[in-house]
Amino acid sequence: MAITSILSNLTGAINGMTKKNLSSFCFLETSDGNDVLVAKDGSLATMIRVDGIKQVMGETELEHITTSLNRQLGPYLGGEGHAIQVWFSRDKDLAPQMIRDLMSTPRDVAARMSMNLDDVFDERERHLPKFITWEGFYIMLWTRMSVLTKKERENARIELKPPALMPTISDAQDPFRVGTMLTHRHRSFVSSFVSDLRDVSIRAESMNVHEAIKAIRNSVYPDLIGSDWEATMPGDPVRVRIPEITNFDASHLLWPKIEEQIFTREAERVTPRIVKLGSKYFACMDMVVGPTETMEFETLLNRMIESDEFPWRCSFVIEGGGLRSLGIKKFLASIFQFTNGENKLIRQAIEELQEAQQNNTTITRLRMSFATWADAGAPDSMKQIEERGARLQRAIENWGNCTVSPLVGDPVEGTMSSVLGLDVASTAPAGAVPLPDVITMLPLNRDASPWNRGSVLFRTMDGRPWPYQPGSSLQDTFIDLVFAPPGKGKSVWMNTVNLARCVSPIALQGGMELPRIAIIDVGPSSAGLISLLQEALPPHLRHKAAYHRLRMTQRHAINPFDTQLGCRTPLPLERAFLQNFLSALGTDIGEKKPPGGFSQLMGAAIDALYSKFSDEDRKGMPLRYNQGVSPEVDKAIHSYNFTISKNDTTWWDIVDLFFAKGDIHYATLAQRHAVPRLEHMMTILSDEQVLDVFGTAMHNGELVVDIAKRAISSAIREYPILQRPTAFDIGDSRVVALDLDEVAPKGGGPADKQTALMYMLARFVLAKDFYLGPEILPEMNGKYHSYHGPRLKKMKEQPKCLVYDEFHRTSKAASVRDQVIVDMREGRKWGVHITLASQLLGDFDKEMASMASGIWIMGVGNERDVKETTEMFGLSATAEEIVRTRLTGPGRGGAPFLVLMNLKEGQHEHFLVNTLGPTEIWSFSTTAEDQALRGRLYELLGAVRARKVLSRRFPGGSAKAEIESRASRVENRHSRSDSDVQKGVIDQLVKELTEGAYEKV
C-alpha cells in the first residue's frame, strides 16, 4: 500500500472515532457589515453567487479563462491565508417547484389582464421539468488569520478579547469576534476576485449575509429550498428571548447563534455510508486520488446527464501552499520506495510539482467532496440512495480516471464536507494540484442569464433554466434580428416571445391592458398567437387581439395622409414616413431607389398639400362637407342637431364640432374626409410653389415632376386600396397581426414594388401612434391638447413592439428599409421594440445589423452563410461551429438557437433551446392542416379543451404527418383531388377527437 493511502486511511479512522453533533460543523460565528461573515477564530468569509459565463465556451475560451485566472489568483493562493470553496449542485427534483415559481409572475399578469391561460402555464409546469434542472453555483472566499504576520496575529488576539466586566455570551453570536486586522485584506481579496471573474466574462456578485446563510441552510436541507426563511443577524431587530442561563449572561439580548438557526434537524447515521438529514438520505464520498488526466467539468456533467441525472453536489476546497504539506510524504516515499513502485512515482510527481512552482506555476491544496440524496420517505428509498451513490461514484471515477471513496470515517462529517460555506474543513485528503488544472476542473462553463426572472423560459442544452425578459431595463435599445431557413422554429420563437410580452410585468406599465404589438406578416404565422389571446380574453375584450388579411379593395382602403386627431398637418415623423412612402411610389420597377431629387420634391409637395387643405392657412381651401359621402357621419350630425351651411361648412368644422361634444369616434370618422388623399397630389405637383423650386429638375432626360405625376397616377389606378378615404381601421385593438399575403405578391418588378408599398401601408396603419409622447404636444392643435395630453403620456409609458416578418420580401424596396432604419433610430426614445425576421442574414442591411441589440440565429442555409455570420458579428470559433453544425431545427427537446445580445453590462453569446409543450406548439402551429383541424375543434369544443385534446392525441404538436399518412392511404383506393381527400381526413379526425374529448385525461 502507498504511504499516501496509509495516511489517508489513518485520518479517516481518527475522524470516525470522533462523533459530533451538527452544530460542531459550523465554523461561522457572526457577521461584519452587509456581506462579510466572521468565523469563530476571527477569519472572514464572503459568499459569491456565480450566474455563469456570458459567452459560449469551448477549448479556446477555457484556455483563455485558465490563463487569466491563473495569473490573477496566483498571488492569493501562492501562500497560506486565503481559501476558496467552489460549490456546485444540481437537483432535478426541485425543477417543478422552480418552474412554478418562475411562472407565478406571468400567471399573475395574465390574471390581472383577465386572460385565462391556465392550460398553457399548467403544461409548462408539467412539461419543462423533463428538460430543466435546478442548479446552484456559489463560491465562498475565506481570509484566515494565517495571512497576518506574527505581530499582527498577536494584536488581533488582543483586539478580539471582550471588554472588561462584559457579561458572558454563551448562547448567542459573539460580536467581539469581529476585528479590523483582516478586514481590509479580505475586502480587497473579494473585490479583486469578483473583478477577475468579470474580466473573463463570468457574471458574479457578492451576496449579503442573509442570502449567504440561507444558501448554506438550503445546502444542508435541500427540501427547504424555496422557503421565505431568513436568518437573524447583527443589524436586524433583536427578538428578545427569556433568560435561560444566569443573570450574568447576555445571550437573550443578542442574536441567536448561526448554527442554531441553520441546523433545525439533527443527522442520523443509518449505515456507515448513509446519513438521514431532514427528509433526505445522503450518500457522501471523497476524491482520494486525483485524476491522471485533467478534464474539464463539462465532462463530469455530461456523464451525469447521460446516466439519467439525479440530485448531486460537489465541493472544491482550494488553498495555497500545496507543496508544504508534501514534505513528509516525499521523505517517507524516498524511504519506502524500495518496497512499492507507486511510492517512487509519488516522489517523481512531487519533484515535478516543485519544478513547476519554480516556473511560476501556483501549486494549490485541493480537496474534493461529493454527495447525492434521495427522499427518505419514498418506496425503496434505501435502495435508491445506494444506487445513486454507486452511480455518482462511477461518474466521478470516469472523470479523468480518479479514485473515489464512500468510506469517509464519520458519514455525517463526510456529508458536511460537501455542504456550502460552513467551514474550510473537509474529510477529503488534500492533493497538490497546479492552479491551471484546478481552474480547468471547475464548473465555469455555465451559461449566465442576466435575468433572474422572465416571462420567457429558455434553457441550455444541459438543462439549466435561462429566463429572458424582452424589453427590460437591462437593455438600452430593443432591436432584434431573427433569421433561419424555413422549418427551423423561427415563427414559433416569435410567437413565444410575443406571448411573453403580453404576460410580462412590463406590460402593466401603461395600465391593466395588453401591450401594443403590431405584426406585419406575409402568411398566417401569427394567426395562432392571436387566436390564443382571443380565446383567453373574456368575450367583451376579444377584439383587443386581432388578425386581419389585407385585401386590395376599397373596403380595405388606407389613406397614408391621415393625421392625428385635430392635426391639420403631419407630425415630423409622420411627414418623414409620407416622404418615404411617396418615394417608394416613385421608384421605377427594377430600381432600388427613386430618381435623384424625387424625395426632396415629395417633401415640398407634402408641405404644400397640407397647407392647401388646411382651414388654418390663410390661403387654404379645406374640403367642403357633402352630405351622403358618409351616411354614418350624416346620421350622427343629425342626432346632434349641428347647424350645417351647404357652401361654408368644411369637414374640419365637422371634426371640431364632434370633438367639442366629446365624441372622439365620429370626430375620427369625419377627419378621414378632411385630410388630403393621394389623388390631390396631382394638383399640388402643378402648383407654382412647388414648380418654382423643382420644376426644372431632370432625371434621364425627363422632368422629375412628370415622373412623380406618372407614378402617382399609376398608383391610383393600380391600387384600389389607395383610392378612397381610410376604411380599414384596427380600432382599439392592441395586439394586431396584419397578413399581407394577398397584397404582397411574388414574381418580378411590379410585384416587388407592390409588396414594398403594402409593407409601408401596414406599418402606417398599425404603428402610426407608436412614435408619440408628451414632448410632441406643442406641435398639435391647441384645441385638442385636453385629449392628446393624457393620451400621449399613456402612449409613451406603454410598451410597444413593431414586428416585420418575412423581411426578405422588402429586399428591393429601399424606401421601406429607410423607414425601418428611422424606426430603429427613434425606437429607444419612444420605447418601441423592433423585431425583423427573415430567412438569411443577408436579408438585413449592415446598418440594421450594427444597430441590433439582439441577434437570434436559428439556422443558416450554407457554408457561405456561416462565414458571413461569423465575420459580421465576430463570432468565436466555438459559436461558429454551433452555427455550422448544431442549429438542427425543432426536435423532441425544442428548437436550438444561438443568441448574441448587447446589454448594458456588455455582450452575451449563448447557445439555447426554446422548449415548448404540445399545447403551446399547437397554439402556434402555422401549417395549413394543423390550422384547419385546430379551428374546427375550437368551434366545437372551445379553445382550452380543444388544445388539451390535440396535445393529448398529438403530443408532438402537429397532426400533419397523421393527416398526410391517412390521405395517402385514401388516395391509393380512390381517385379524388388532394384537397378533397385531405378535407375528408380532417373531418374524420375531428369526429374522432370530439367523441373522445370528454374522456378523463
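A residue is called buried when its relative accessible area is under 20%. By that criterion, helix α25 is mostly covered, since 16 of its 19 residues are buried. The model discussed here is predicted.

**The chain as a whole**

The chain contains 35 helices and 26 strands. Its overall values are collected below.

| Property of the chain | Value |
|---|---|
| Box filled by the C-alpha atoms, along the principal axes | roughly 115 × 80 × 60 Å |
| Buried residues | 57% of the 1001 residues |
| Accessible surface | about 41800 Å² |
| Part of the accessible surface that belongs to carbon and sulfur atoms | 50% |

Among contacts between residues at least 6 apart in sequence, 76% join residues at least 24 apart.

Strands of a sheet pair through backbone hydrogen bonds, in either a parallel or an antiparallel manner. In this chain, 11 strands form an open sheet with mixed pairing, in the order β15-β14-β26-β25-β24-β16-β23-β22-β17-β21-β18. Strands β15 (465-468) and β18 (545-549) stand at the edges; each has a single partner strand, and therefore one side of each is left without a neighbour in the sheet. From one strand to the next, the twist averages 20 degrees.

Strand β14 (residues 456-460) and strand β26 (residues 906-914) run antiparallel and are joined by two bridges. Opposite T460 stands L912 in β26.

Helix α27 (residues 814-830) lies across β16 (479-483), β22 (800-804) and β23 (832-838), and runs at about 145 degrees to β23.

**Helix α25 and its length**

Helix α25 comprises residues 749-767.

**A buried glutamine**

Residue Q671 lies in helix α21 (residues 664-674). Is Q671 buried or exposed? Its relative accessibility is 4%, so Q671 counts as buried, the cut-off being under 20%. Leaving aside residues up to four places away in sequence, Q671 touches T563, Q564, L565, G566, C567, W652 and V655. With T563, the contact includes a polar one: the side chains of Q671 and T563 meet at 3.0 Å.

Note on methods
Residues numbered from 1 in each chain as written. Predicted model: local features only at pLDDT ≥ 70, side-chain atom pairs only at ≥ 80, totals over all residues. Heavy atoms only, no water. Pairing = 2+ DSSP bridges. Helix = DSSP H or I, 4+ residues; strand = E, 2+ residues; numbered from the N terminus. Axes fitted to C-alpha atoms, helices over the stretch in contact; angles between N-to-C directions. Contact = heavy atoms within 4.5 Å. Buried < 20%, exposed > 50% of the residue type's maximum accessible area, 1.4 Å probe, protein only. Polar contact = N/O pair within 3.5 Å; in protein donor to acceptor, adjacent residues only side chain to side chain. Areas by Shrake-Rupley, 256 points an atom, 1.4 Å probe, with all protein chains shown as cover. Expected span 1.5 Å × (residues − 1).
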